[in-house]
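Subject: Structure for your review

Dear colleague,

Please find below the sequence and structure that I am handing over to you. My notes on what was found in it follow.

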Amino acid sequence: MSQLLTARQAEELHKAMIAYLSAANLPQTCAALREELGDSVSVEDATLKKYEGLLEKKWTSVVRLQKKIMDLETRIASLQTELDTATPTSLSRRNQDPASWLPRAPARHNLESHRSGVNCVAFHPIFSSLASGSEDSTIKIWDWELGELERTIKGHTRAVLDVDYGGPRGGTLLASCSSDLTIKLFDPADEYKNIRTLPGHDHSVSAVRFIPSGAAGSPMSGNLLVSASRDMTLRIWDVTTGYCVKTLQGHSAWVRDVAPSPDGRFLFSAGEDQVPRLWDISSGESKATFLGHEHVIECVAFAPTTSYPYLAPLAGLKKPPPSSSSAEFVATGSRDKTIRLWDARGNLIKTLVGHDNWVRALVFHPGGKYLLSVADDKTLRCWDLTQECKCIRTIMAHDHFVSSIRWAPPLIKETNTNGATGANGDPTSSTAKDDPNAASKMSIRCVLATGSVDMKVRVFAL
């Protein structure tokens, strides 16, 4: 007999084996084992009941432990890769500096309720609400702190392609757009009632974004909304009246994505014609085009002013542009599997290679040091702008194509003394136009969300 088991453990195992054989209706094998063991093991009917199922439980426990060990080994390998690529500065500051925080697996919450792939996600600017839009034609509102579903909004008749929070100061709205050719506005303060539908596009509406008013202290406020469509146009809407106030034409194919600059002066758009365009909102004219991608462009982003010190050297500049200029650098992600960084004049300054499939969404870290991307290779990648855009972290974010990523908007540290707030919880203090230090009063929230074809929304948080 092997010495791996003590006499007591061996007796327990034999009893469990006899109970298993008896329960499995193998009387001859059971009798043979009893005979072999002789008087060393005595098993009564009452004992059989006690040990019934024990062997199966032990067996499945071993399998679970083996899976746990494999998961832990994967985690250790991921952490080792982090250590190998980390700089002394990033290691020393990572724990206390939100500007250096990056997401890590596993996600804090896996949000499941959609019946088809998730196309888009968006954070409420103040509350812990997260909206997701899906191929199942619904929008779901989640509490990202608790990881719970709050409500399901059924307004569209086809796939919801994009969602965004914003709108007039003191009255945050949720905008959505769909393959049903419409844009809808919902009021979170009135149980997400559909307060307006904006028809006008002649084909699927791919993207929708509120245009900031230009107040750095209230980046989500503004009455204007921009939409991008398969009808090859961009449209600018006044959400208070529902009217389309401007149509921008220049693209020669489906416009897949659009982003407004932080000060609300410019738009950056791209799509199936593979030529991104920078637009001046006031004139409606295209200021620059960006040539270089070899396939459809899926996503675009403006670089925040916090990233200028890290992008300027890549562009060959001796000093970064002033932070008062909000449209100095942009990023694009494409089906050619690359991410490209450009200056505002259309010059390519860096190509980021690493994804193994279509790049679907981009977001700059609010601290300015990193660019994050998700793709159809199921990964979320973190690119360090301070290390020549080296990929310093790769997370297997989902079990299928990853369609979207959004960072929670910064919390604004209000300075009004009376603590007054407007409707929907929006503070009523003066805007940053009156406060030159407003930008420094924003605190980074270490929270981001991703959506995937696997029908899940995942929340990564500190």
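Helices (H or I, at least four residues) and strands (E, at least two) are DSSP runs, numbered from the N terminus.

The model is a predicted one: local features need pLDDT of at least 70, side-chain atom pairs count only at pLDDT 80 or more, and totals for chains, interfaces and linings use all residues. Residues are numbered from 1 along each chain as its sequence is written, and side-chain values use heavy atoms, with hydrogens and water left out.

Neighbours of strand 15

Strand 15 pairs with strand 14 (residues 255-260) in the antiparallel sense over 5 bridges; two strands pair if DSSP finds at least two bridges between them. Within this pairing, Pro-260 has Leu-267 as its bridge partner. The hairpin of strand 14 and strand 15 has 5 residues between the strands, and Gly-264 takes a positive phi near 75° there.

Strand 15 is also joined to strand 16 (residues 277-280), by 4 bridges, and these two run antiparallel. Here the bridge partner of Phe-266 is Asp-280. Strand 15 and strand 16 form a hairpin with 5 residues between them. Gln-274, in the loop between these two strands, has a positive phi near 65° although it is a residue other than glycine. With a relative accessible area of 27%, Gln-274 is partly exposed.

Other backbone features

Most residues other than glycine have a negative phi, and most peptide bonds are trans. Met-455 is not a glycine, yet it has a positive phi of about 75°. Met-455 is found in the loop between strand 29 (447-452) and strand 30 (456-461), and at 34% relative accessibility it counts as partly exposed. The peptide bond from Ala-105 to Pro-106 is cis, with omega near 0°. Pro-106 lies in the loop between helix 5 (88-93) and strand 1 (109-112).

Aromatic rings

How many aromatic pairs does the structure hold? There are 6 aromatic pairs. Rings of Phe, Tyr and Trp (its six-membered ring) pair if their centres lie within 6.5 Å; planes under 30 degrees apart count as stacked, over 60 as edge-to-face and the rest as tilted. One of the pairs is formed by Trp-101 and Trp-407, which are edge-to-face at 5.7 Å centre to centre, with 85° between the planes. Trp-101 lies in the loop between helix 5 and strand 1 and Trp-407 in strand 26 (residues 402-407), so the pair ties together parts that are 306 residues apart in sequence. Trp-101 and Trp-407 are both buried.

Phe-290 and Trp-342 form an edge-to-face pair as well, 5.6 Å centre to centre and with 85° between the planes. This pair links distant parts of the chain, 52 residues apart: Phe-290 is in the loop between strand 17 (285-289) and strand 18 (297-302), and Trp-342 is in strand 20 (residues 338-343). Phe-290 is buried at 0% relative accessibility, and Trp-342 is buried with a relative accessible area of 0%. Ring pairs link Phe-268, Phe-290, Phe-302 and Trp-342 into a cluster.

Two arginines sit over tryptophan rings: Arg-256 has its charged end over the ring of Trp-254, 3.7 Å from its centre, and Arg-335 lies over the face of Trp-358, at 3.9 Å from the ring centre. A charge sits over a ring if NZ of Lys or CZ of Arg is within 6 Å of the ring centre and within 35 degrees of the ring normal.

Cysteines

The structure holds 0 disulfides, a disulfide being a pair of cysteine sulfur atoms within 2.5 Å. For Cys-382, the nearest cysteine sulfur is that of Cys-391, 7.1 Å away. Cys-382 is buried at 0% relative accessibility, and Cys-389 is buried with a relative accessible area of 5%.

Yours sincerely

Definitions and conventions. Buried < 20%, exposed > 50% of the residue type's maximum accessible area, 1.4 Å probe, protein only.
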